[in-house]
Amino acid sequence: MYGTPDALVRLGDQELRPARLVLETGRRTSIGRLEAEFDRGPGHVSLGDPLTLELGWVDGGRRRVFSGRVREIGPGRTIRIVALDRCRDLMDTPLRQAFRNCTLQEVATWCLERAGCDDFTLGTKRLGHRHHFLVCGEPALAALLRARETWRCDWDLYADSEGVVWFLPWEESPRAVADPPLFEYGTNLLELTPSLVGPGTAETWLAPGLVHSQRVRLQDDRLWHNEVEARIERVVHRIDGDGGRTRFEWVLLPKR
């Protein structure tokens with residue numbers, strides 16, 4: 001479904017229509033970022049205020065695509081707000097703890113709970129015990145990223161649109177097992193550029209349901225005889241005076 005983009009920011013008891021917005025999320029950045037500008041500013045807004053963003057189309061319905069807190073408020077003729085998602089909250093409180101004979105799940109559970117996160121999902125893959133692991137005055141997000149290195153695992157760490165934190169192997173993610181949508185060059189794909197040194201890029205009409213870590217099918221007769229399967233590494237949703245677009249970075253997945 002395509003048409004006129006529709007965006008709604010819910011900020012406290014206010015419902016606001018941004019004139020422009022950019023929403024960026026990625027597998028390797030952990031923290032999702034929303035920047036929104038309003039021609040008519042909010043009646044009241046403070047740092048730390050919770051907000052949500054819904055994206056969709058006029059007469060086509062919207063879906064929630066972001067939950068977070070206001071982290072910057074820019075002055076000027078227009079009002080600019082920067083919000084960061086639930087993973088940013090994991091940087092607010094320094095933690096201290098010494099673990100012995102511990103698993104990654106034990107460390108992650110302790111860090112998330114002490115950081116005030118009561119809604120999270122951890123991977124179930126067994127990675128063995130470590131003799132010790134120290135959290136020395138660092139926030140939960142930093143401790144989790146360091147633990148990922150300690151256990152030598154490539155687990156994803158991100159917050160979804162409902163504010164649930166996920167820390168798990170990609171293959172255990174619901175995004176990895178969901179049915180992959182098809183993007184075809186010349187139909188619903190405006191641009192497709194492969195790369196030999198990193199992720200390829202692509203652009204389509206505004207696609208609110210597109211998220212990093214999900215699988216997609218790509219079809220481009222200029223590049224491949226048949227459709228291929230890829231994983232999205234990064235997504236940028238953008239709405240401005242020219243309409244709505246979604247850009248994403250992708251890497252090809254091995255054939256199954």
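**Ground rules.** I number residues from 1 along each chain as its sequence is written, and I use heavy atoms for side-chain values, with hydrogens and water left out. As the model is predicted, I keep local features only at pLDDT of at least 70 and side-chain atom pairs only at pLDDT 80 or more, while totals for chains, interfaces and linings use all residues.

I began with charged pairs, since side chains of opposite charge can pair when their charged atoms come close.

I then looked up E233, whose side chain meets that of R27 in a salt bridge with 3.1 Å from N to O. The pair links distant parts of the chain, for E233 belongs to strand β17 (residues 228-240) and R27 to the loop between β3 (20-26) and β4 (33-38), 206 residues apart. Helices (H or I, at least four residues) and strands (E, at least two) are DSSP runs numbered from the N terminus. For accessibility I call a residue buried under 20% relative accessible area, exposed over 50% and partly exposed in between, with a 1.4 Å probe and protein chains only. E233 counts as buried because its relative accessibility is 12%, and R27 counts as buried at 2%.

Next came D89 and R86, which form a salt bridge with their closest N and O atoms 3.1 Å apart. Both residues lie in helix α1 (residues 86-89), three residues apart, which is about one turn of the helix. D89 is buried with a relative accessible area of 10%, and R86 is buried at 18%.

E113 and R114 also form a salt bridge, here with 3.8 Å between the closest N and O atoms. I found E113 partly exposed at 45% relative accessible area and R114 partly exposed at 44%. I also noted that salt bridges with shared partners join D6, R10, E15, R17, E54 and R62 into one network.

Which strands form the open sheet, and in what order? I read three strands in the order β9-β12-β11, with mixed pairing, where two strands pair if DSSP finds at least two bridges between them. The edge strands, each pairing on one side only, are β9 (120-122) and β11 (156-159). Neighbouring strands of this sheet are turned by 5 degrees against each other on average, direction ignored.

Helix α2 (residues 104-114) packs on the sheet and touches β9 and β12, its direction making about 170 degrees with that of β9. Contact here means heavy atoms within 4.5 Å, and the axes are lines fitted to C-alpha atoms, for helices over the stretch in contact, with angles from 0 to 180 degrees between N-to-C directions. Helix α3 (residues 140-150) lies across β11 and β12 and runs at about 155 degrees to β11.

β11 and strand β12 (residues 165-168) run antiparallel and are joined by four bridges, and D156 stands opposite L168 in β12.

How many disulfides does the structure hold? With a disulfide taken as a pair of cysteine sulfur atoms within 2.5 Å, I found zero. C111 is in no disulfide, and its nearest cysteine sulfur, that of C102, is 10.0 Å away; C111 is buried at 0% relative accessibility.

Notes
A salt bridge is a side-chain nitrogen of Lys or Arg within 4 Å of a carboxyl oxygen of Asp or Glu.
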